[in-house]
Amino acid sequence: MKLLWLCNMMPGEVKRRLTGNAVSGGLWVDHVLTGLRQRGLTILILCPGDGARGELDERCGYVTFREGLPYRYLPELEALFEEEIKTFQPDVIHIWGTEYGHTLAMVNAVEKLGLPDHMAVSIQGLCSVYAGHYAEGVPQRVQRECTFRDLVRRDNILRQRDKFALRGRLEIAALEKTRHIIGRTDWDRACTQRIRPEGKYHFCNEILREPFYEGQWRYESCRKHRIFASSCVYPVKGFHYLLEAFAQVVKVYPDATLAVPGKSFLAADPLRRTAYQKYLAKLARRLGVAEKIEFLGSLSAEGMKEAFLGANAFVLPSTIENSPNSLGEAMLLGVPCVASDVGGVSNLMTSPSEGFVYQSTAPYMLAFYLMEIFAMEEKAVSLGQAARAHAMRTHDPETNLETLLGIYEELAI
């Protein structure tokens, strides 16, 4: 079978071939690609880059393309993809993600060539829906505010939300022409059926990054009362809600700490910080928790794994998600988890037997469940074990690879 992949990121093996470096610990897409290459498929990967072309081996080639802004449509990409399809003659075309302009370019190229029955689009996030949840819980004055950095880049919170909406329009245009959709949650099925009710929905769970399938959380080796969150960069990740919850936790557990990857928004250069970073810094100081936040910098997969295992609890406070990989990774490791009940989260984790879910706009419930986990002490291991068992089924590499291959076989007929 000849398979053409359109990715919104450069797979690690391609990056290694072009630069000599790759993402430490790999990307989730690398784990899938390894499995498919072991099955003997002939694969062509199209992904963003500088226009390079080459081969990983005799059965796997790559072409990188210059994309530009993700919310702008580039007709030249449509022409490029059309030529690549004509040259490669794939049996199946698989597009990973809907939220970039290149997805619509590929859909249009496939339509021109009369091959829509041989193409599938995998849902990752859905910008058309995310835009409506982008800044939930952030005061209107903060959403309108512009720092120096925001003025220069024309990129405050409202503009960021508008860019999501622009990407969403391209996304909807692509889905309206798509006959085969690959998803994995009730949420993405509901959202895509609303956009494309005639489309055929194929269920296929995700394979996550390889390092997270080994290792297991232990209460005795974690840092007690330490909370780990995976991101504080964008309002959609809900870190402002987490700060409110954390302030309540600290009143009962004064030794509690909060760890998050990335650079400190507390020490950010005033000329370079975003309005959201400025808001988080003010909020943290007003709540009296600024000194209890630890910023871990850029983390590889192994670094993330270490951060998960070193925490007493993992928190996902997002205002919207589909099936967040960070929650899946935490569950694979057996870390006690608390997650906002948004998007497809309830498909990943059953509350309260495997962890706790709470209303995303209720930080007081997030605080309550965090303190429940802390009070459980070593008994929290039972939560983690149940979550790990669920995640091992959801993210089983062999099962999910077989499901994906079955979809490919159906499309290739």
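**Ground rules.** I'm working with a predicted model, where local features need pLDDT of at least 70, side-chain atom pairs count only at pLDDT 80 or more, and totals for chains, interfaces and linings use all residues. Residues are numbered from 1 along each chain as its sequence is written, and side-chain values use heavy atoms, with hydrogens and water left out.

**Glu-84.** I found Glu-84 in helix α3, residues 75-88 (helices are DSSP runs of H or I with at least four residues, strands are E runs of at least two, numbered from the N terminus). Buried or exposed? Glu-84 is buried, at 7% relative accessible area (buried is under 20%, exposed over 50%, partly exposed in between, with a 1.4 Å probe and protein chains only). I then looked up its contacts (heavy atoms within 4.5 Å). Leaving out residues up to four places away in sequence, Glu-84 touches Leu-44, Leu-46, Arg-53, Val-63 and Gln-89.

**Cavities.** I searched the whole structure and got two cavities of 30 Å³ or more. A cavity is a set of points, on a 1 Å grid over the protein atoms alone, where a 1.4 Å probe fits but cannot get out; lining residues have an atom within 4 Å of a point. Volume is the space filled by probe spheres set on the points, which are joined across faces, edges and corners.

The largest cavity holds about 170 Å³. I count 16 lining residues, with Trp-96, Ser-122, Cys-204, Asn-205 and Glu-206 nearest its centre. Elements giving two or more residues to this lining are α2 (28-38), β5 (92-96), β7 (180-183) and α17 (397-412).

The second largest cavity has about 30 Å³. Its lining includes Ala-229, Lys-237 and Pro-317.

Notes. 1 Å grid on protein atoms, 1.4 Å probe; cavity = no way out; pocket = protein on both sides within 12 Å on 5 of 7 lines; lining within 4 Å.
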